Amino acid sequence: MGNRIVTKFGKSKSLTDEEIVEIQKISKLSAEEIREEHKGFLKLQPTGKMTKEQFIHMYKLLDFDYDMTDKVACEKAFATFDKNKNGTIEFDEFLLAMHFLRPNTIESNVDILFRGFDFSGDGYLDHEEVTAIFDGAVALNLVKDADPDYAEKTASEVFAILGLSDNSKINKEQLIKG
Ligand SMILES: [Ca+2]
Ligand SMILES: [Ca+2]
């Protein structure tokens, strides 16, 4: 399962080659860049874990277009990136959060979405996983004034645009075209 990989991060001070390969899949960084980012992360977080308060503080520092006075939105943003739900942000979750917000090409964004949100790890995005992507966008205030059912509705729209029913799955090529 997707969580198998995530949970082992943060247990040791240095990255194994295997961990670097996994991070390359979600980040498109070179091994050298990953080691550098990891060094920086450990400087900030010697324990290899970032608490919720630190995560929210970091968002403030980076000054994303994000309403930090909205406590509910903060909680949601944190929950979105705490993929293994252990209450802290580990290095791989941190990188995903950073890359989700950095401007990038469509193709690499799609790649990151796939690596980050294919929770079942089957190489396809199902309706639930696509909903989670839009939940993340709402949580990060990338979508203004979203309805409570925005994520689910938008996910259904994406499936409809691609000519798929809600209970089918999207592969990467379809998403890039869409
Ligand atoms: Ca975590
Ligand atoms: Ca999947």
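Among the elements of the chain in this predicted model, mean pLDDT is lowest for helix α1 (residues 2-7), at 40, and highest for strand β2 (residues 89-90), at 92. Over residues 1-7 the pLDDT remains under 50, and the model shows 12 contacts beyond four places in sequence for this segment. The average pLDDT of the chain is 78, and a score of at least 70 is reached by 78% of the residues.

The secondary structure consists of 10 helices and 2 strands. Along the sequence, these elements are arranged in the pattern α-α-α-β-α-α-β-α-α-α-α-α. The chain has 178 residues, of which 30% count as buried. When contacts between residues at least 6 apart in sequence are considered, 57% of them join residues at least 24 apart.

The largest nonpolar core comprises 33 residues, and F94 and V130 have the most contacts inside it. At least two residues of this core are supplied by each of the helices α2 (17-27), α3 (31-44), α5 (71-81), α6 (91-101), α7 (106-117), α8 (127-139) and α9 (150-161). Helix α8 provides the largest share, with 6 residues. Because residues of this core come from both domain 1 (1-103) and domain 2 (105-178), the core lies between the two domains.

Helix α9 contains 12 residues and extends 16 Å from its first C-alpha to its last, close to the 16 Å expected at 1.5 Å a residue. Its buried residues are A151, T154, A155, V158 and F159. These residues lie on the same side of α9, because the arc that they cover around the axis is only 145 degrees. An α-helix has 3.6 residues a turn, so residues three or four places apart point the same way. The buried residues of α9 pack against α8, whereas E157, A160 and I161 are exposed on the other side of α9. Just after α9, G163 adopts a positive phi of about 75 degrees.

In helix α5, the buried residues are C74, A77, F78, T80 and F81. Their arc around the axis is only 160 degrees, and they are therefore placed on the same side of α5. The exposed residues K71 and V72 are carried by the face of α5 that is turned away from its buried side.

Helix α7 includes V110. This residue, V110, has 19 other C-beta atoms within 10 Å and is therefore classed as partly exposed, the threshold for a buried residue being 20 or more. Apart from residues up to four places away in sequence, V110 touches K172, L175 and I176. The C-alpha atoms of V110 and E173 are separated by 9.2 Å, although these residues are 63 residues apart along the chain.

Definitions and conventions
Residues are numbered from 1 along each chain as its sequence is written. Chains are lettered from A and ligands numbered from 1 in the order in which they are written. This is a predicted model: local features need pLDDT of at least 70, side-chain atom pairs count only at pLDDT 80 or more; totals for chains, interfaces and linings use all residues. A nonpolar core is a set of buried Ala, Val, Leu, Ile, Met, Phe, Trp, Tyr and Cys residues joined through C-beta atoms within 7 Å. A residue is buried if 20 or more other C-beta atoms lie within 10 Å of its own, exposed if 12 or fewer, and partly exposed in between; C-beta atoms are placed from the backbone. Helices (H or I, at least four residues) and strands (E, at least two) are DSSP runs, numbered from the N terminus. Domain bounds come from an automatic or database domain assignment. Two residues are in contact if their C-beta atoms, placed from the backbone, lie within 7 Å. The expected span of a helix is 1.5 Å times one less than its number of residues. The arc is that of the directions from the helix axis to the C-beta atoms. pLDDT is the predictor's confidence in each residue, from 0 to 100.
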